[in-house]
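Good morning, and thank you for the time. I would ask you to look at the structure first, and then I shall go through the parts that deserve attention.

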Amino acid sequence: MASKKWYVIHTYSGHENKVEESLRHRIDSLHMKDMIFDIQIPTETVINKDDGKKQEIKLFPGYIFVQMILDDQSWAVVRHTPGVTGFVGKSGTSNSKPQPLSRDEVNRMLGKSKSSMAAPVIISNYEVGQTVRIRTGAFEDFDATVTEVNPDKGVLTCMVTLFGRETPVTLDFVSVERI
């Protein structure tokens, strides 16, 4: 019997979640759980620099990863799911079978390698010289001037005027807001 492998399917961009839902429904209704095992839409957590909120972004918009045993029936179930435009890695004619991902590709793309198990990425548009307002902490409601941006640590070094003197403070991106 063939082994289960990961394949990449192409969808309309922005329709990945709907396609995943449709495919899961088809797997249940067509009794394909013993042939199609998992569906993944790789995402990454990012922190918005303006409001500090976390959000999930799709790493590969328009693509879904499916773990399955490929035969004519499972291939047809996936291929004929609404929103699926085709398999990635097919060669030749429209009837040729798609190629599975290698183990390294699966680990890298689905975030199972050690290097991809990092903390959330922080998106920052803060710039040196920019004025910000401190939202939390001892300096709440103070204005400050950015002197250094460290996106890897998610912090800013800013100058705050206290008692007529400029004092450097280190602040998290989520502790400040743009003015």
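A strand here is a DSSP run of E of at least two residues and a helix a run of H or I of at least four, both numbered from the N terminus. Please note that this is a predicted model, in which local features need pLDDT of at least 70 and side-chain atom pairs count only at pLDDT 80 or more, while totals for chains, interfaces and linings use all residues. Residues are numbered from 1 along each chain as its sequence is written, and side-chain values use heavy atoms, with hydrogens and water left out.

Strand 8, residues 131–134, pairs with strand 12 in the antiparallel sense over three bridges; two strands pair if DSSP finds at least two bridges between them. These strands belong to an open, antiparallel sheet of five strands in the order 11-10-9-8-12. Strand 11 (165–172) and strand 12 (176–178) are at the edges with a single partner strand each, so one side of each has no neighbour in the sheet. From one strand to the next, the twist averages 45 degrees, where axes are lines fitted to C-alpha atoms, for helices over the stretch in contact, and angles run from 0 to 180 degrees between N-to-C directions.

Within strand 9 (residues 143–150) we find threonine 145. Beyond its neighbours within four places in sequence, threonine 145 is in contact with residues including Gly129, Thr131 and Cys158, contact meaning heavy atoms within 4.5 Å.

I turn now to helix 1. Helix 1, residues 16–29, reaches 20 Å from its first C-alpha to its last, close to the 20 Å expected at 1.5 Å a residue; the expected span is 1.5 Å times one less than the number of residues. The buried residues of helix 1 are Glu16, Val19, Glu20, Leu23 and Ile27. Seen down the helix axis, they fall within an arc of 100 degrees, so they line one face of helix 1; the arc is that of the directions from the axis to the C-beta atoms. The face turned away from that buried side carries the exposed residues Lys18, Glu21 and His25. Among the elements covering the buried residues of helix 1 are strand 1, strand 2 and strand 5.

Strand 5, residues 63–68, has five of its six residues buried. Strand 5 pairs in the antiparallel sense with strand 1 (residues 5–11) over six bridges, and with strand 2 (residues 36–40) in the antiparallel sense over four bridges. Histidine 10 has tyrosine 63 of strand 5 as its bridge partner, and glutamine 40 has phenylalanine 65.

Finally, the cores. A nonpolar core is a set of buried Ala, Val, Leu, Ile, Met, Phe, Trp, Tyr and Cys residues joined through side-chain atoms within 4.5 Å. In the largest, of 20 residues, Ile9, Leu23, Ile36, Val66, Met68 and Val78 touch the most other members.

Conventions
Buried means under 20% relative accessible area, exposed over 50%, partly exposed in between (1.4 Å probe, protein chains only).
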